[in-house]
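Q: I am new to this structure and would like to learn how to read it. Could we take a few features in turn?

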Amino acid sequence: MRSAQRRGCAPTVVVVGELNVDMIITGRDVMPEWNREKLVDGFQVVLGSSSAITACALAALGADVRFVSVVGADDFGKFCISELERMGVNAEHVVALPGVQTGVTMSFSTPADRGLLTYPGSIPLVGPEHIPDALLDEASHLHFGSYYLQDGMRPHWPQLFERARGLGVTTSFDAGWDVRNRWDREGIVALLAHTDWFIPSEEEVLHIFEAESLEEAFAQMPRSAGRIAVKQGSKGATLCEPDGAIVFAEPYRVSPVDTTGAGDCFNAGMIYGYLHGYTGKALLRYANACGALSTLGVGGTGSLPTAEGVARLQA
């Protein structure tokens, strides 16, 4: 790992990912019914996407974050860029493409869970041509989210991660849900050979490895894989070390308002904590705290974790 996180120097994290707006409908009964009309408790338009929420959470924690993406040359695209910048993320490498619509996700959110409908638009269009070589030279860590949505990058991740690690840059990614229900295991396994941190949810990792339990999934991981941190929502989180050791950390008990983005803020906690020397259960607990804090506001960026907030929750 590069020594960019030396005393007084914030680590530089490059996030390559999808961008979209989230239209969030909140309440206790938000599921639409044909030929019926319902009233809901709330509605907001906010910055969405796993990669962007993780980037904003990293910036809130104190990292120097550079974001690489594409949006449409439309109002939603301008909104995404302005929101990234407002939350302290460097967005100079976000490209607005003419003739393309920025992606949109409709989130039907209750205090317990959420359902999503997504119009892809610009989401799958990020490609290797959008990643300047100089960015990796400045990075301490490279991350992306939504493996199954980023069609333009999916064939290129192994080569990019291999190059990054050759430069001393650590790497991580989050699988996200496979909307096509194919669960490209071969591609994931190939990428794990160049990955320091794989951060899926429990449901995702069970689908990818066609397993009935985490233990069964971990047993199928290639020996070349780095660390695997599995998000388990209200159950906590589990870490599988390269030597096969398993570590579990309990969740923090909070009263959630909206769970959108909790897993993405967990990702940020894992990356930020790791770059600051946390390991094992202490690292999982740090990430769990970030995820818990995220649920206290509406949308993935409505309640971003901060180092001070994590310290208060852990006190």
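**Reading a pocket, salt bridges, a helix and cysteines**

A: The residues that line the second largest pocket divide into 5 nonpolar, 2 polar and 2 charged. Here Ala, Val, Leu, Ile, Met, Phe, Trp, Tyr, Cys and Pro count as nonpolar, Asp, Glu, Lys and Arg as charged, and the others, Gly among them, as polar. This is a predicted model, in which local features need pLDDT of at least 70 and side-chain atom pairs count only at pLDDT 80 or more, while totals for chains, interfaces and linings use all residues. Residues are numbered from 1 along each chain as its sequence is written, and side-chain values use heavy atoms, with hydrogens and water left out.

Q: Which residues line the second largest pocket?

A: Rolling a probe the size of a water molecule over the atoms shows where empty space is left. A pocket is an open set of points on a 1 Å grid over the protein atoms alone, where a 1.4 Å probe fits, with protein on both sides within 12 Å along at least five of seven lines; lining residues have an atom within 4 Å of a point. In this case the lining is made of P128, I131, P132, D133, L136, H156, Q159, L160 and R163. The elements that give two or more residues to this lining are α3 (133-138) and α4 (157-166). α4 gives the most, with 3 residues. Helices (H or I, at least four residues) and strands (E, at least two) are DSSP runs, numbered from the N terminus.

Q: What is the volume of the second largest pocket?

A: A volume is the space filled by probe spheres set on the grid points, which are joined across faces, edges and corners. For this pocket the volume is about 180 Å³.

Q: How many salt bridges does the count come to?

A: Side chains of opposite charge can pair when their charged atoms come close. With a salt bridge taken as a side-chain nitrogen of Lys or Arg within 4 Å of a carboxyl oxygen of Asp or Glu, the count comes to 13. One of them joins E138 and R66, with the closest N and O atoms 2.6 Å apart. E138 lies in helix α3 and R66 in strand β4 (residues 64-72), so the pair ties together parts that are 72 residues apart in sequence.

Q: Where do R86 and E83 lie?

A: Both lie in helix α2 (residues 75-86), 3 residues apart, about one turn of the helix. Burial is read from relative accessible area: buried is under 20%, exposed over 50%, and partly exposed in between (1.4 Å probe, protein chains only). R86 is exposed at 58%, whereas E83 is buried at 13%.

Q: How does the span of helix α8 compare with what its 14 residues should give?

A: The expected span is 1.5 Å times one less than the number of residues. For α8 (residues 262-275) this should be 20 Å, and the end C-alpha atoms are 20 Å apart, which agrees. G277 follows α8 and has a positive phi, near 90 degrees.

Q: How many disulfides does the count come to?

A: A disulfide is a pair of cysteine sulfur atoms within 2.5 Å, and the count here comes to 0. The sulfur of C290 is 7.3 Å from the closest cysteine sulfur, in C265, too far for a bond. C290 is buried, at 0% relative accessibility.
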